[in-house]
Amino acid sequence: MVKDKTVTLQHGNGGKKMHEVIEVFRSKLTNPTLDEMADAAQLEVTSGKIAFSTDSFVIKPVFFPGGDIGELAVYGTVNDISMKGAKPLFISLALIIEEGFSLSSLEKIASSVKKAARASGVKVVTGDIKVVEKGAADGIFINTSGIGVVEKGGYFTGAKARAGDTVVINGPIAEHGIAIVNAREDLGFTGDIKSDCRNLNHSVEKCLKASRNISVLRDPTRGGLATTLNEIADNSNLGIDINETDVPVRQNVRKLCDVLGFDPLYVANEGKFVCFVREKDSEKVRKAMGPGSRIIGRVTKAHKKKVHLITQLGSTRILPMLEVSQLPRIC
Amino acid sequence: MKRNVIKLMEVCGTHTMAIARSGIRKVIPGGIELISGPGCPVCVTSQKDIDRAIMIAREKDVVMTTFGDMMRVPGSRTSLEGVKGLGADVKVVYSPLDAVSMAKDAPDKNVVFMGVGFETTSPLVASAVIEAKKRDIRNFSVLSNFKLVFPALEAIAGSEKIAVDGFICPGHVSVITGSAPYEDIARRFGKPCVITGFGQADIIKGITRLVDQINRGDNRVEIEYKRAVTNKGNTRAKSVLDEVFSPSDAEWRGLGKITKSGLKFRDDYSFFDAKNRFPVKVPEPRVPKGCICAEVLQGISRPGDCRLFGKACTPSSPVGPCMVSSEGSCAAQYRYGE
């Protein structure tokens, strides 16, 4: 147990003090590979293809309603691997900590990493800690990389979408982005707005068991659902039609979006994924995705590389990719 | 219908966005043309006012605060976002009171709030100024670029060039002003006014009521948005505004100088006037070549008429304010492909 209240440059010196910080994480994430404390982990994976992904997490605030940077860093990489149809197995954890960061916060983050790794069934097998001078970072940055085994029939890409596929989503959108804005700016909106930050690998497994006719899996994180669908339309050289009334958005999230002038279709998610599947299996997949999931549209040859939104009025408009980040409006 | 085309102007930028997002133009009859008015506060801010804000932001120990919409609006050479990238301390706030708190927490800095907006926003800023005075926070000031809707409406209603048949009036502004000030516009210029909310049904109802009036030859003010708007409006907000500011002439992008259409500090509060505190000399702005935002703001041209639209001018590299603002008509057309 570390006694100092904040991280100092001494905690990054490679010596005894650094091992105190390492121990905060190692003690919680213990497994034979990590416990070797070697510079590299030796891993055993089954023969065949592996999926490999890396991501950096620089979120502010570090702790937010519904999660924190530790959970986000694990789930983010677990989900990226899952979206390839792969089973995530191992992840690395690299921390860049700003001098002065609270050690109790670091302990909380370590506990969150442990919780998220356990929920996802992955092992943290290697890691790194660097401490930088005050002002050189913003509290804490985390990088995770992960390895997963591609299951038979897996390895999904946007290019595999087919005309006639239905688009299914596992629940209401825009919760993570709005929870973060609300917390970061201390807007004080109540109504239980929480991030949807969670692992998706188990839900994906259920979907893959429910249907062999899945063509695309994708989690709409930054840029939101609209941007993700545009990427898929572009990769597949096909069009996508989305019914506005079918896209689930919780009432409290929609209201806050209205106040800020944000379009929920462009707000980030951290626990949502879309599944493109042959129409005959769409209902089976929807059920496998769990409560809250909805069929929101379909793939078409009619307008290649473009996403169309059929509005509540029945008119159709283009749903483009996010051009610039959304900023709160004036009135 | 009595006429071939009925031209209705939605004054407010939020209406412009809502109309585009809901695809309302595609479901109304062809004989009704919806044109966007000057009700986007970002779009009507003059280039010189933006240049001034950028120059003040570069002053030593200044923290320039503003609403998110203003960050990317191009001045003559750069934007607030651009100058932030070069090291100026520019921050987005969600309320002017956040800027007051920021000033309290950083007594060695001069926190300036770039105030832009109509009757909806300016009372909030007036209360922030009153609060700063009460708490004796002397390192806070406001760069007032506020605008009043009615003088601009008069200018448009009286213009033969624009030839609007009726106004879809702004819900948010009317919550504060009430419906009474529209009576004059409707009577003097013979233009019906309907105050509407921002839902699809609200807007369609507003359009229907305007068309009804035009067909009957009526020129009345109707409140479709009765759940929020009264005849008198918010008297408290109006009195707060009146305590801090008084009307002054203002420069509107596209419309030029309009008498008594802006707000200046009253003497009792002039201490908080950033124009006094930072008397920067702003050169005459360089107007971007080819940009027709001025005509778009008056409803004379549509965004698609601009040769820069979607080519040299896009939301990620906007030339004019109508493309950068989240409520601008060019941004609406670009985003929703109308």
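**Figure 1. How much of chain B is tucked away.** In this predicted model, 59% of the 338 residues of chain B count as buried. The chain is built from 15 helices and 11 strands. Its C-alpha atoms fill a box of roughly 65 × 45 × 30 Å along the principal axes. What radius of gyration would a compact globule with 338 residues have? It would be near 20 Å, and chain B has 20 Å, so the two agree. Take the contacts in chain B between residues at least 6 apart in sequence: 76% of them join residues at least 24 apart.

**Figure 2. Helix H7 of chain B, residues 149–157.** Is this helix largely enclosed or largely open? Seven of its nine residues are buried, so H7 of chain B is largely enclosed by the rest of the structure. If you want to find the buried ones, look for Val149(B), Phe150(B), Pro151(B), Ala152(B) and Leu153(B), and then for Ile156(B) and Ala157(B).

Figure 3. Thr45(B) sits in the loop between H2 and helix H3 (47–57) of chain B. Is Thr45(B) buried or exposed? Its relative accessibility is 0%, and buried means under 20%, so Thr45(B) counts as buried. A polar atom of its side chain lies 2.7 Å from the backbone oxygen of Pro41(B). Which residues does Thr45(B) touch, leaving aside neighbours within four places in sequence? They are Ile50(B), Met70(B), Met114(B), Val116(B), Lys147(B) and Arg253(B).

**Figure 4. Where chain B meets chain A.** The size of an interface is often given as the accessible area lost when the parts come together. Here chain B and chain A bury about 2500 Å² between them, with 59% of it on carbon and sulfur atoms. On the side of chain B that touches chain A, the elements giving two or more residues are helix H1 (13–22), helix H2 (41–44), strand S5 (110–117), helix H10 (200–216) and helix H15 (329–336). H1(B) gives the largest share of that side, four residues. In all, the contact takes 34 residues from chain B and 22 residues from chain A. How many salt bridges cross the interface? The rule finds zero, but it does find five residue pairs in polar contact, with both residues at pLDDT 80 or more.

Figure 5. Most residues other than glycine have a negative phi, and most peptide bonds are trans. Now for the exceptions. Lys60(A) and Pro61(A) are joined by a cis peptide bond, with omega about 0°. Pro61(A) is in the loop between strand S1 (50–57) and strand S2 (63–64) of chain A. Met37(A) isn't a glycine, yet its phi is positive, about 55°. You'll find Met37(A) in the loop between helix H2 (32–35) and S1 of chain A, and it is partly exposed with a relative accessible area of 40%. Over in chain B, Lys260(B) also has a positive phi, near 50°. Lys260(B) lies in strand S11 (residues 256–265) and counts as partly exposed, at 48% relative accessibility.

**Figure 6. Some salt bridges up close.** Side chains of opposite charge can pair when their charged atoms come close. The count comes to 37 salt bridges over all chains. One of them pairs Arg218(A) with Glu231(A), whose closest N and O atoms are 3.2 Å apart. Arg218(A) lies in strand S8 and Glu231(A) in helix H7 of chain A, so the pair ties together parts that are 13 residues apart in sequence. Arg218(A) is buried, with a relative accessible area of 19%, whereas Glu231(A) is partly exposed at 32%.

In chain B, Glu81(B) forms a salt bridge with Arg72(B), with 3.6 Å between the closest N and O atoms. Arg72(B) is buried at 15% relative accessible area, while Glu81(B) counts as partly exposed at 37%.

Figure 7. Asp184(B) and Arg188(B) meet in a salt bridge at 2.6 Å, N to O. Both lie in helix H9 (residues 180–189) of chain B, four residues apart, which is about one turn of the helix. Asp184(B) counts as partly exposed at 24% relative accessibility, and so does Arg188(B) at 49%. Elsewhere, a network of salt bridges links Arg209(B), Arg216(B), Asp218(B), Arg220(B) and Glu222(B).

Note on methods: Residues numbered from 1 in each chain as written. Chains lettered and ligands numbered in written order. Predicted model: local features only at pLDDT ≥ 70, side-chain atom pairs only at ≥ 80, totals over all residues. Heavy atoms only, no water. Contact = heavy atoms within 4.5 Å. Buried area = accessible area lost by both parts, 1.4 Å probe. Salt bridge = Lys/Arg side-chain N within 4 Å of Asp/Glu carboxyl O. Polar contact = N/O pair within 3.5 Å; in protein donor to acceptor, adjacent residues only side chain to side chain. Buried < 20%, exposed > 50% of the residue type's maximum accessible area, 1.4 Å probe, protein only. Rg over C-alpha atoms; globule rule 2.2 N^0.38 Å.
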